Amino acid sequence: MKKILIVVLFIFFMCSFQEREYTWIAIGDSITYLNDHLDETGNRVKKGYLTRVVESMPHFRYVNQGHNGWTSGGIAENIGSLGLFKADVYSVFLGTNDWWQGRPVGNMDDYKQNRGNTTAYGSYRIIIDKIRSLNPEAKIIMITPMQRNDFVYIADPNNNAYGSYRNKNGQSLEEFANAVIAIGKYERLAVVDLYHDQQLGIEKLVHYKRLKDPGKGTYKDFVYPRSVDIPFDPKNDEYPYPPSAVNITYDGLHPSDKGNAVIANALCAAFKQLGLAPRWDGLIDLKKYNEPFWEADTITDESIQIIKDGNDGRGALLFSPKKILSVKSTDQRITFIKGKDWRYGDEKISITKGSTIPFLKREDLVFRDSKPGLSMKGKVPGSFVLFNENAYFSSRQISVTYIPEKNRKWNGPVPSFQVANLPSAIKKLETKKGLDIVFYGNSIEAGYNASGFENVPPYMPAWPELVVYRLRGVYGAPVTYHNTSVPGKLAMWGLDSVQSRVCAYRADLVIIGFGMNDGSENVSPVQYRDQISGIINAVWANKPDTEFIIIAPMLANPDAVQSGLQANYKTELEKLVKKGIALADMTGVHAELLKHKSYQDMTGNNVNHPNDYLARWYAQIISGLLIK
């Protein structure tokens, strides 16, 4: 019974601190649909609003239920066959086609009395009832239609429509927007009111409309509202919205990148008001955290452990700073003051007398007497190294944000886009067909010592989640993942467990990260390589088109007993690289970092785990193999 309880508690510990993921089903018309069909915008749009939301809130996974040209009535009529399923969040962004197609808007009684699919009010009732039948606890966000200028379809000018400055079938577009607002108020749902958003005013939708001057017959750029009185001949006139006319929309109706950004920002604000913000919100910016250190204009939150030799406490940055922007505690709650707490000189950050910056003493790193809860056997017999698995080290490290000198140089490995070795995975991302990933390794892959895993500020997710979030944000593709890593395991265990922990998921991409514990146990490099190869071959026997990223592991603390053969594995892993297999060289990255920074700058336990900073290198190196 005691063993069972321990196992249960371990599983709870492993699962309880992972960031909650939310599935979001976005129901809408062409504005939603185009997010995943950018070619139909004439490639005038680079990112739709769904992709932009996921960039800002990467713990969301969207499902696009946008249907080109559909009304709320069309959605309601087909609500049972759309493939909707239980999700955490639903957004409903309709109404503009109802107005243009002349559907009756109806009234609130149509909604309250559920009078059917004959008015917009009635249609919304059917849609919301369906959502609640799927998940009564789901968050629902209603989005009003935007105002619209004269619409001219970029692929077929014969498909055109006048703007919302004029009624259609005796109804204004604002009536449909007000219907959405009224339903939201009645049902106590969140409402994103785009129609009345001043950023999306009709006069801002396009800069101008290029039309023939009726008096002269020559083309002229007419600004709203003058443009509405000038006729447009779709058969003989040039397309009226050249690229320089694009502002909030690119065609008078559909949002441009600028317009999609406004919509995304409004939705993110609504999600946060509903309590769906991630734990790291307001503390760190994951988009900045995923910017590669070797090329970012600003180095964000590089970690330093101040180590004191006598009265002199110092720590090193990777690059020489042109300007230091901030020095903070790693939990982001304390800002240390230049001159009062720290100074920079001799290529080091030093603490001043009376500084409140925490530090470790050099003699506390390696010592002779065991310290319960704070020590691990050292490499040298009879020695011990400082060790703790919780937030002991992160609470003593500091985060430095700075602008590096222009001549900064990174001599370590830099990932290259692996379209030759990972063609299938990259194609799935580029075509937004969906990519399923399995992360398979030991405690490093499980996320140990990431602040999110330890449930301490700033709550940075484990690096596998950073990879997934980065891919979702860049590609706007549905990326799912399973992390089946188990702490303390070796590649031999990985081979023995491959059927249940990898093959069963039939993933498109498997990221393998064994090696740290193998090195500590002095598993020979050839045997290690054969076991990694065995994992790959077992998966290929089950699903031949699966692709792999294999990770050459970070290094263990050279003073710790765990330091063994880790550095020798990269050479053997390189022999496995071919089409279908790419290598992420964290061994080389860590070795180069250690030429400039101390082990304690980058560790979560001072033995063999990365802190948030080094975990970000894992995410950036692996993402760089999949992102051009």
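## H20 against H21

In this predicted model, Met586, Val589, His590 and Leu593 of H20 meet Tyr613, Leu614, Trp617, Tyr618 and Ile621 of H21 (contact means heavy atoms within 4.5 Å; helices are DSSP runs of H or I with at least four residues, numbered from the N terminus). By class, that contact has 8 nonpolar, 1 polar and no charged residues.

H20 spans residues 586-593, and its axis lies 11 Å from that of H21 at an angle of about 140° (axes are fitted to C-alpha atoms over the stretch in contact, with angles from 0 to 180 degrees between N-to-C directions). That makes H20 oblique to H21, since angles under 35 degrees count as roughly parallel, over 145 as roughly antiparallel, 65 to 115 as roughly perpendicular and the rest as oblique.

## H14 against H21

H14 (residues 463-475) packs on H21 at about 40°, with the axes 9 Å apart, so this pair is oblique too. From H14 come Trp463, Leu466, Val467, Arg470, Leu471 and Tyr475; H21 brings Ala615, Arg616, Tyr618, Ala619, Ile622, Ser623 and Leu626. The tally here is 10 nonpolar, 1 polar and 2 charged residues.

## The core around them

Trp463 and Trp617 have the most contacts inside the largest nonpolar core, which has 68 residues (buried Ala, Val, Leu, Ile, Met, Phe, Trp, Tyr and Cys joined through side-chain atoms within 4.5 Å; buried is under 20% relative accessible area with a 1.4 Å probe, protein chains only). H21, residues 612-626, gives the most to this core, with 10 residues.

## Ground rules

Residues are numbered from 1 along each chain, and side-chain values use heavy atoms, without hydrogens or water. Local features need pLDDT of at least 70 and side-chain atom pairs 80 or more, while totals for chains, interfaces and linings use all residues.

Note on methods:
Buried means under 20% relative accessible area, exposed over 50%, partly exposed in between (1.4 Å probe, protein chains only). Helices (H or I, at least four residues) and strands (E, at least two) are DSSP runs, numbered from the N terminus. Ala, Val, Leu, Ile, Met, Phe, Trp, Tyr, Cys and Pro count as nonpolar, Asp, Glu, Lys and Arg as charged, and the others, Gly among them, as polar.
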